[in-house]
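Welcome! Here is a short tour of one protein model, with a stop at its charged pairs and another at one of its sheets. Please keep the sequence and the 3D view open as you read.

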Amino acid sequence: MKARLSKILNQSVAARTTCLVLVVITVILLTAGLWQMNYVRNIVITEVNRQAGRSMTGAIKVIDNRLSNVETAVNTAASYAHMFAPHETLCRPLMERLIEANEDIAAVTLLYEANYFEHNDRYFAPTIYRTAKDTFEEDEIGGPENDFCYLETDSNWIYTNKLDKGYWCLPYIDSMSTKRAMVTYSVPLHDETGHTYAVLCADVSLDWVQNLVDKAKPYDYSTVFVVGRDSQYICHPNTDWVQSINVIDQARQQHDSTFLEMTRKMLSWQDGTDTVDMSGQLQNESNRQVFSSSIVYYAPVDRVQWSICFTLPEDKILEGPNRLRTYMLLLLAILVVAISLSLYYIIRSQLWPLSLLSEKTKEISRGNFDVELPVFDSKDEISHLRDSFDDMQHSIAKYIAQLQQTTASKASIESELRVASDIQMSMLPKIFPPYPDRNDIDIYGELTPAKSVGGDLFDFYIRDEKLFFCIGDVSGKGVPASLVMAVTRAQFRTVSAHEAAPDRIITTINDAMADGNDSNMFVTLLVGSLDLPTGRMRYCNAGHDAPLLVSFDQTAHVETLPCDSNIPVGVMPDWRFSVQEVMIKPQTTIFLFTDGLSEAENNRHELFGMDRILNQANSIQASYCCAPHAVIDQMRLAVQSFVDGAEQSDDLTMLAIQYTKKQLDVRYQNQITLPNDVQTVPQLNAFVDEVCEAVGFDMSTTMKLNLAIEEAVVNVMNYAYPAGVKGDVYIAAQANDERLKFVISDNGTAFDPTAKSEVDTTLSAEERSIGGLGIHLIRQIMDTINYERIDGKNVLTLRKKFTNKLSL
């Protein structure tokens, strides 16, 4: 049923509009009706309160007047009692005159002090009481034989003597004469000395009180009860409760805190109104009326400290308003049905043109843009809507044609971007490990662009036993950044091919990029050169994030590589970039990264930050975890967990280089020092022959080594020292189990023979540039060649591997 109604509302504007209008009308009518019913309810309750207040005031006034009359009559009799009461024969006329004078008095009693008359016993209490036939009978009720030892037990005697004034006692059941609920007013009688010799008591029946309050009820359905100052019921609809039920105990037993609080107010002689559940206080076997929530009005009778209560059940009070509410709700339902039917047919007829228009637009939505729309004679909003659809029909047809053209262009652009991305990624190293035949270096790197193409880069290669590497981040993203990235990487390869100093490499790249940099793009770039035989690393940082050095020796050791403050590449030409140097210990990993790692952002816009990078590096648990692939995997997983699916905002590039050179024992070493004089070359040849013979090289290899060493030493003699300057050339030979090493050093000017670019031997002598054949020869003979400028010395290292393991 619910699904069917929802379907109707979703498919019919008339039905939906009718429902909305009905909801509004229903809310308005309900609001008005509820306000009116509440208004009527308040009027009824106000009138009930007024009527209950008048009835309460009238009843209290009548009770007070009648009790006042009793007090007046007794006090008057007490004023002349000295003429009668002291005489046993005259006391009875005094009592007769008092009871005859006030019909509310049911009995009059004189309580004499002990042994007042000599011939009587200790107790003497003559009484006259009114019978049911309104006649009077006399009796003497004092003494143990009548169970009325008033001198010791009667409150009238005790409290009247103690108070020495008129006293209303607590209500009670007269068990000795009238057998009715009674209350007594007592006054003391004094002799000439002021001594109290008797107490005059007037008993008042409470039957008239019950009748009076029943007649004073404001409504027939209301009930009345009276409570005395001893918490006992004086009057109650259930007569069995009179002088037998304590109202406080009753409330406590029923755990009715509201009724208990109201009772305490009543016994504090307060007046007021409360709403209380009276179901447990007013029901009895003869009265089966349900009293649930009732309004209780209570007020005190101060003269005797009673509290009178009127109870009015709320359902009776609100019976009229509730009946009115029922009629109003019925009328509202009839109105809603009538209005809904009328509205539905009116709205449906007005919206009929929309149905026609809807059918035609469905045809348009299926691609039939030539369909004819209906024409309406009216000039209302529906007609305007039809004209708008007509315009839209022609616009869509035009837009579809343009969209087809745009889609084709976009597909071409996306294809070109994919090709550009492939080209860009192909510029980066992608084979790992890159040097599987080497045991002194391990490298791993990866680049994750934020877009199809990015501006991050990294590169590395080995030349002359030096690992040249770089990592950079181009400002901006997308195609412009990728173009700058490609230029930067190409310049790194070109410059470092003949330049070993990182600062000069960056200086050359900076000057080239700053020239004509109209787009004001720049690159943060770090270039390093790691000497693989020695572990000496020179580096230059141009505004890039400082790398980490990570190693493991029982625990992880992480430190940040110190980096000078240099500006990024491309900002300013002719900038003097500084170079720094550090010794890399074996098994140490150099971890380089771009700000795409440190500034990776999660959905709460929090950054990954350097603290998390350092924490991840410090969490390495074993030496194999320092391997480049392991370090980058750990960082990648940490970043992915941190961003938790958030969109990547920047290119992320990481490069890890682990220096893994093993130190082998030196099995043979020798050295010679020669002056910078080519005449000493025969001494050099003899030295080389001696070394080759010692390590077991054959004649052919010895001759080649002689040629290479001679070429290197003669170069030093000719170029290291200026003409006419004397100097020494130091040649040291060392051999381990794997290779023979010649170290040629001098104190001359800086001279790097490896800076010469490779010679293209396929060209003719006329086409080749002058120079470079000597170093080309050395490269062909030796396995590796390496130049370093260390402590003001030129140090050229040449190595040759053994074909067989050295045996000395």
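## Salt bridges

The structure holds 23 salt bridges, each defined as a side-chain nitrogen of Lys or Arg within 4 Å of a carboxyl oxygen of Asp or Glu. Side chains of opposite charge can pair when their charged atoms come close.

Before looking at examples, a word on the source: this is a predicted model, in which local features need pLDDT of at least 70 and side-chain atom pairs count only at pLDDT 80 or more, while totals for chains, interfaces and linings use all residues. Residues are numbered from 1 along each chain as its sequence is written, and side-chain values use heavy atoms, with hydrogens and water left out.

## A linked network

Which residues are linked in a network of salt bridges? They are Lys-466, Arg-536, Arg-538, Glu-581 and Glu-788. Within this group, Lys-466 pairs with Glu-788, and their closest N and O atoms are 3.2 Å apart. This pair links distant parts of the chain: Lys-466 belongs to strand S15 (residues 466–474) and Glu-788 to strand S26 (residues 784–790), 322 residues apart. Strands (E, at least two residues) and helices (H or I, at least four) are DSSP runs, numbered from the N terminus.

Are these two residues buried or exposed? Lys-466 counts as buried at 4% relative accessibility, and Glu-788 counts as buried at 5%. Here, buried means under 20% relative accessible area, exposed over 50%, and partly exposed in between (1.4 Å probe, protein chains only).

Asp-633 is partly exposed, with a relative accessible area of 22%, and Arg-636 is partly exposed, with a value of 22%.

## A five-stranded sheet

Now to an open sheet of five strands, in the order S9-S8-S12-S11-S10, with antiparallel pairing. Two strands pair if DSSP finds at least two bridges between them. Strands S9 (233–235) and S10 (272–277) stand at the edges with a single partner strand each, so one side of each has no neighbour in the sheet.

Strand S8 (residues 223–227) runs antiparallel to S9, and two bridges join them. In S9, Cys-235 is the bridge partner of Val-226.
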